[in-house]
Amino acid sequence: MQLFIAMYIIHCGILCFVEGQILHISTLFMSGNVVFRWTPSSNSSNYYVFITRDRITDARTHVYDTQYTVKDAILYDSITINVRTPESLADNVVTYNVSKVKSQIGGRKNISWTAAYFPYTGYYIYHTNKNRTASIMQVYHEGATLSPKYSYLTRPFNSTNIMFEIRNITLDDAGYYNGGIISDDAGFGGGVILIVSGTPKKPRINGTLTTLVDTYLELTCISRPTSTPDYYSKHVTLSYSWFINNTKMDKETRDTMRLKVTKGHRYTKYSCTATEEDLESDQSDAVQINPLYGPEQLIFTPKPNLNKYDKFTVKEGDVVGPIFCSADCNPPCNVTWKYKESNGLKDALSQNGILLLQSINRNVTQIICLSRWKTESVKKDFTLDVQYIDDPIIYVNDEWVSDRITVDIQERKPLQLSCFVNGNPTLTVRLGKTQNGGTVILSEARDHWSNYSFGTGAQCSDTGTYVCSGQSTDLKTNTRAIDVNILCEPRLDKEVEMKTITEPVKIRILIIPIVAYPSPVLSKLVWLGPDDLPTNITTSAVLQLNGVIYKHRIISIISGLEDETFGEYKLLYEGKVLTNVFIRREEISQNEMSRGHEVVIAVLSTILGITWLLIISYVIFKKQLLLLHKIDKRKEESHQLQTQSLAQHYDDLQDTDVEKNYTALDSTNQESQYEEPL
């Protein structure tokens with residue numbers, strides 16, 4: 001009878017006597033849960049159940065079944081159930097002690113519990129894991145099965161204190177251990193749960209790595225425990241460690257890290273580990289945040305050198321570039337160059353943000369770098385200070401004459417010269433006159449224009465070469481010149497003295513200074529004698545004085561003077577009197593005669609040169625007049641023989657100082673003034 005009761009307790013649980021009625025409550029461990037079962041009551045079909053978990057009692061539960069399951073029993077050390085019927089206040093109490101043993105992989109542990117009795121046929125130890133139950137050892141009265149994995153430790157073997165050792169523990173060894181006669185007994189009664197702790201899985205980091213700056217990003221370190229059994233590992237809470245570029249961060253132990261994205265994250269790598277108790281996983285693969293951002297400012301290499309007005313100075317025709325324009329963008333910006341003219345923007349030649357060589361003209365006012373990123377853009381423009389200087393333009397009396405070499409102006413007419421030079425920066429414009437190998441500045445202006453007005457009207461002395469120039473510090477000086485000729489009617493030049501040379505052989509040589517432009521025509525010069533009739537006085541030449549185009553010398557030779565031919569002579573040009581000369585008798589000193597000869601020789605030499613030029617012209621173009629020309633040549637040679645004695649006098653006159661008074665020639669040795677009508 002005792003054996004029967006004992007066997008019933010093993011299979012059915014604890015026997016309860018309630019007011020003459022027995023409620024049999026048994027326990028069954030199943031997949032981490034504990035199932036309490038009891039026999040039905042003959043008086044009631046529903047029950048009140050009170051559950052106490054580690055001394056914390058839940059509220060009463062009304063149950064209409066004969067069993068009650070407490071889930072996740074592994075979380076508690078003991079679970080107590082109290083079952084009542086509505087008709088009775090009697091308690092039917094059973095306590096289930098949750099026995100747990102922890103081990104790490106590779107360790108060894110002793111597993112033990114107390115059996116209700118030791119069966120005569122032997123005792124089987126069962127291992128249940130993942131809903132699979134297997135016998136791992138059989139214990140007899142005199143011994144136990146041998147295994148390299150398990151060792152039975154209890155002595156004597158038939159003791160109800162069951163204890164054995166598990167060696168080289170692996171994750172597969174975790175689970176529920178219990179004993180009995182058959183495998184169905186494995187879940188009943190109070191066995192032991194073996195928990196094997198494993199290193200958490202290598203984590204992976206989850207999150208939207210590509211995101212805009214100044215937004216918040218969450219990175220989640222995802223891992224899971226490898227500890228077994230499963231009904232234990234699902235309750236394991238892992239702790240986490242975060243690393244920045246392999247450096248552990250402080251105060252970050254949660255699986256999720258929230259951070260504000262900045263540009264700097266582009267160069268930062270994040271990784272993490274998961275830890276269960278003291279077992280830390282391998283470090284996750286590093287992830288790198290890809291912050292998205294557009295341009296904030298442009299960077300130029302080389303940086304354009306701006307002047308004090310923040311302008312980029314360049315000479316017209318010079319090249320600009322290469323200049324590299326870049327911006328910090330992710331993904332990279334599209335960088336282009338443009339230039340601005342008066343008619344709008346145009347694309348400049350560029351590649352990958354590099355402005356290639358560009359020849360600049362004055363119409364280009366700006367060069368612009370434009371960086372685009374999605375819907376954002378930023379630009380930087382450089383205002384150009386294009387320096388240039390144009391060719392000067394000359395105006396005479398407000399008439400553009402830059403296309404001419406010379407310009408003629410009538411004497412005493414208004415004369416105004418204007419010089420215009422277009423350029424940048426503001427130029428120094430000068431208007432000058434060439435004189436004695438240099439330039440005399442007439443007017444100067446820090447402007448595009450320089451003007452000069454001849455207040456009394458144009459004078460013969462104003463004839464000359466006028467130079468218009470524009471000058472800038474950093475640019476070359478441009479000049480243009482024009483010859484201005486003043487048209488002057490012939491008249492006596494009062495600034496130069498008239499010269500007379502007396503010869504003893506009734507000859508006078510007159511050198512008369514004349515102002516005129518153009519040069520007087522020899523054939524239009526006529527001498528009137530004292531009787532106011534044309535004379536046979538020979539005007540040999542009209543010579544330019546010192547290269548000045550409006551100053552001339554008229555050289556006339558009066559020969560064969562007799563008493564009746566002395567008196568007042570008049571020189572006419574086109575019928576107008578140029579000057580009056582009184583010729584008187586005088587005695588000539590040997591010294592004066594010698595000088596006269598020298599002058600005559602020089603005069604006749606000049607005349608001979610002119611004659612030879614005429615001869616050559618006649619030979620080339622007028623061969624039919626050759627005979628006549630030869631006759632003229634003979635006459636000319638005869639004339640030269642007559643006047644050869646005067647040549648030496650003229651030559652002396654060129655090298656001696658001129659007396660300060662005009663002279664009249666008579667029979668005395670003194671020179672007297674001659675009269676000159678104005």
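In the predicted model, the charged end of R362 is placed over the ring of Y388, at 3.8 Å from the ring centre.

Across the whole structure, the search returns 15 aromatic pairs. One aromatic cluster is made up of W113, Y150, F164 and Y177. A pair of aromatic rings is described by the distance between the centres and the angle of the planes.

At the level of the protein, five helices and 56 strands are assigned. Of the 678 residues, 45% are buried. The accessible surface amounts to about 36700 Å², and carbon and sulfur atoms account for 50% of this area. When contacts between residues at least 6 apart in sequence are considered, 62% of them join residues at least 24 apart.

K551 was considered individually. This residue belongs to strand 53, which spans residues 548-558. The relative accessible area of K551 is 12%, and because this value is under 20%, K551 is classed as buried. The side chain of K551 is joined to that of E495 by a polar contact of 3.3 Å. With residues up to four places away in sequence left out, E495 is also listed among the residues that K551 touches, together with D493, V496, I514, L543, Q544 and L545.

Conventions
Residues are numbered from 1 along each chain as its sequence is written. This is a predicted model: local features need pLDDT of at least 70, side-chain atom pairs count only at pLDDT 80 or more; totals for chains, interfaces and linings use all residues. Side-chain values use heavy atoms; hydrogens and water are left out. Helices (H or I, at least four residues) and strands (E, at least two) are DSSP runs, numbered from the N terminus. Buried means under 20% relative accessible area, exposed over 50%, partly exposed in between (1.4 Å probe, protein chains only). A polar contact is a pair of N or O atoms within 3.5 Å; within protein, one must be able to donate a hydrogen and the other to accept it, and residues adjacent in sequence count only if both atoms are side-chain atoms. Contact means heavy atoms within 4.5 Å. Rings of Phe, Tyr and Trp (its six-membered ring) pair if their centres lie within 6.5 Å; planes under 30 degrees apart count as stacked, over 60 as edge-to-face and the rest as tilted. A charge sits over a ring if NZ of Lys or CZ of Arg is within 6 Å of the ring centre and within 35 degrees of the ring normal. Accessible areas come from the Shrake-Rupley method with a 1.4 Å probe; for residues, only the protein chains shown count as cover.
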